[in-house]
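Colleague: I'm new to this one. Could you put it on screen and walk me through it?

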Amino acid sequence: MSSVVNHRPRIVLSTVSSDAHTWNLVFLQLLLEELGYEVRNLGACVRDEDLVEAVRDARPEAVVISTVNGHGHLDGARLIARLRSDRDPAVAGTPALIGGKLGVAGTADASLAEGLLTAGFDAVFTDGAALAELGSTLKELMTDQFGEEVAA
Ligand code: B12
């Protein structure tokens with residue numbers, strides 16, 4: 001699908017339902033805004049259905065999920081399954097990535113990435129992954145989904 005976007009590409013930023021941490025979200029909001037995105041930050045402990053409704057309302061070019069409390073591999077898999085099964089194909093097909101501390105095993109949590117990809121995420125950033133790659137990954141995902149015009 002190709003479409004012309006005449007606003008700054010929008011990102012819905014959120015954590016998962018169990019996760020009370022917020023500085024990770026503040027950090028990512030600032031980084032994404034610096035990269036040229038408009039960010040809707042949903043804050044901590046967001047229910048799956050609230051994330052899906054925010055996507056329906058904001059029609060973002062991408063969803064970015066940050067999680068650090070250790071439950072992200074479970075909550076994230078459930079969350080992305082909910083988004084991908086939405087009745088609206090535009091909502092269900094929104095590019096989505098997740099990152100942070102996905103479990104409680106530090107860099108060994110890299111093994112959890114495969115499950116999150118299988119569940120429906122387009123990209124996974126494990127603990128310690130290069131943050132510098134966030135911008136280029138988002139651009140790739142948006143270009144695949146919407147065409148060249150959306151790049152921030
Ligand atoms: C502050 C803090 C809290 C505060 C949070 C306050 C707030 N308003 O945010 C409070 C006290 C509430 C808290 C609670 C808990 N915490 Co806490 N907390 C921390 C602490 C000390 C700092 C987190 C922080 O703010 N970092 C600053 C931000 C900017 O960095 P960050 O979160 O690490 O995010 C970076 C990266 O992870 C990455 N990143 C994150 N998300 C994403 C997403 C993408 C896409 C990408 C690319 C990158 C990325 O980029 C960020 C910048 O580098 C960490 C330990 C630590 N030193 O990291 C523990 C820590 C995160 N907490 C932990 C735990 C276990 C808990 C509790 C479960 C404790 C408990 N038993 O109650 C609860 C969780 C409650 C819940 N429901 O979620 C563990 C998680 C264990 C794990 N995953 O391995 C940690 C790691 C402590 C530890 N070593 O055990 N916590």
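**Around the ligand**

Modeller: The shell around the ligand has 11 nonpolar, 10 polar and 2 charged residues. In that count Ala, Val, Leu, Ile, Met, Phe, Trp, Tyr, Cys and Pro are nonpolar, Asp, Glu, Lys and Arg are charged, and the others, Gly among them, are polar. Bear in mind that the model is predicted: local features need pLDDT of at least 70 and side-chain atom pairs pLDDT 80 or more, while totals for chains, interfaces and linings use all residues. Residues are numbered from 1 along each chain as its sequence is written, and side-chain values use heavy atoms, with hydrogens and water left out.

Colleague: Which residue has a polar side-chain atom 2.6 Å from a nitrogen atom of the ligand?

Modeller: Polar contacts here are pairs of N or O atoms within 3.5 Å. Gly70 has a polar backbone atom 3.4 Å from a ligand nitrogen, but you want a side chain. At 2.6 Å from a ligand nitrogen, that side-chain atom belongs to Ser66.

Colleague: Which element gives the most to the shell around the ligand?

Modeller: Helices (H or I, at least four residues) and strands (E, at least two) are DSSP runs, numbered from the N terminus. Those giving two or more residues are H1, strand S3 (62-67) and strand S4 (96-100). With 4 residues, the top giver is H1.

Colleague: Is Val26 buried, partly exposed or exposed?

Modeller: Val26 sits in H1, residues 23-34. Buried means under 20% relative accessible area and exposed over 50%, with partly exposed in between (1.4 Å probe, protein chains only). Val26 has 32% relative accessibility, so it counts as partly exposed.

Definitions and conventions
A polar contact is a pair of N or O atoms within 3.5 Å; within protein, one must be able to donate a hydrogen and the other to accept it, and residues adjacent in sequence count only if both atoms are side-chain atoms.
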